[in-house]
Amino acid sequence: MAEPVVRIPDAKVALSTASVYPESTATAFEIAARLGYDGVEVMVWTDPVSQDIEALRRLSDYHGIPVLAVHAPCLLITQRVWTTDPWIKLQRARAAAEKLGASAVVVHPPFRWQRQYARDFVSGIWRMADETDVRFAVENMYPWRYRDREMPAYAPDWDVTRDDYRHFTIDLSHTATARADALAMVDRMGDRLGHVHLADGRGSAKDEHLVPGRGTQPCAEVLKRLALNGFDGHVVIEVNTRRAMSSAEREADLAEALAFTRLHLSSAARVPRR
């Protein structure tokens with residue numbers, strides 16, 4: 001006879017520091033520790049603490065929460081963070097990851113107007129990946145939309161599976177905005193999928209980053225597939241809590257996201273009874 005048991009993959013569940021905005025990076029460490037997250041992903045942005053390796057190390061030590069990943073400053077609002085040179089940004093992100101013990105650097109493909117950077121991006125990411133044990137996990141993006149018009153904003157492509165990278169990040173809010181098939185993208189990424197940004201969306205032109213389960217994306221199905229495939233990367237909760245009416249409401253959203261993720265990462269397997 002066989003009976004079902006719970007099998008939980010090696011994947012760790014982390015909280016993106018962006019998920020507590022407009023609260024601080026320091027607050028993200030505090031919330032992650034209180035709710036039982038396995039670690040944090042540091043979004044490097046305008047908060048000075050997010051740019052300061054020693055400050056991050058002190059927060060990690062104080063709260064007992066490891067930094068599992070570093071998100072390089074690739075956003076429009078972070079164009080001048082650390083430097084305006086995108087390659088130096090990636091070098092500094094790698095150095096931060098190495099010093100903090102993080103295993104991944106998340107990077108977006110270039111904006112189309114960053115022409116030289118875009119031209120050399122694929123080969124440059126391979127070159128940087130060859131110089132470190134840190135995974136450079138390139139994240140899927142989406143076309144920008146205005147009414148019924150699509151505008152390509154990223155190069156070589158918003159769909160990173162159309163290019164050759166060693167590791168990928170899949171973001172399920174971005175698949176919603178792109179109106180892409182998330183499960184098909186997971187399949188295309190295959191064993192090069194090294195990192196997950198878990199959020200939800202309804203297909204709006206805006207990048208929504210809803211709490212998983214509140215949109216139309218197959219968040220539960222993706223997590224189950226990861227579990228069945230023995231995924232050993234990180235699953236990062238990257239949601240938008242800016243509309244929370246209080247810190248308590250924000251924390252409740254982040255607790256719900258964590259519970260959803262842990263539930264669906266557990267998959268039923270049948271094993272012989274001993």
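**Reading the model step by step**

Reply: Let us begin with the overall build. The protein, a predicted model, has eight helices and 12 strands.

Me: What does the radius of gyration say about the protein?

Reply: One compares the value with that of a compact globule of equal length. For 274 residues such a globule would have a radius of gyration near 19 Å, and the protein, at 18 Å, agrees with this. The C-alpha atoms fill a box of roughly 60 × 40 × 40 Å along the principal axes.

Me: What percentage of the residues count as buried?

Reply: The share is 55% of the 274 residues. As for the surface, the protein exposes about 13,000 Å², of which carbon and sulfur atoms supply 49%.

Me: How many disulfides does a search of the whole structure find?

Reply: The general idea comes first: a disulfide is a covalent bond between the sulfur atoms of two cysteines. In this structure the search finds zero. As for individual cysteines, Cys74 is buried because its relative accessible area of 12% is under the 20% cut-off. Cys219 is likewise buried, at 1%.

Me: Is Ala26 buried, partly exposed or exposed?

Reply: Ala26 has a relative accessible area of 28%, so it is partly exposed, since this class lies between 20% and 50%. Ala26 belongs to helix H1, which covers residues 25–35. Beyond its neighbours within four places in sequence, Ala26 is in contact with Leu59 and His63.

Me: Where are cis peptide bonds found, and what is omega there?

Reply: Pro22 lies in the loop between strand S2 (12–16) and H1. Another cis bond joins Ala155 and Pro156, with omega about 0°. Pro156 is placed in the loop between strand S8 (149–151) and strand S9 (167–171).

Me: Which residues other than glycine have a positive phi?

Reply: Among them is Trp82, with phi near 70°. Trp82 lies in the loop between strand S4 (67–71) and helix H3 (86–100), and counts as buried at 16% relative accessibility. Arg179 also has a positive phi, near 55°. The loop between helix H5 (172–178) and helix H6 (182–189) holds Arg179, which is exposed, with a relative accessible area of 56%.

Note on methods:
Residues numbered from 1 in each chain as written. Predicted model: local features only at pLDDT ≥ 70, side-chain atom pairs only at ≥ 80, totals over all residues. Heavy atoms only, no water. Helix = DSSP H or I, 4+ residues; strand = E, 2+ residues; numbered from the N terminus. Rg over C-alpha atoms; globule rule 2.2 N^0.38 Å. Buried < 20%, exposed > 50% of the residue type's maximum accessible area, 1.4 Å probe, protein only. Areas by Shrake-Rupley, 256 points an atom, 1.4 Å probe, with all protein chains shown as cover. Disulfide = S-S within 2.5 Å. Contact = heavy atoms within 4.5 Å.
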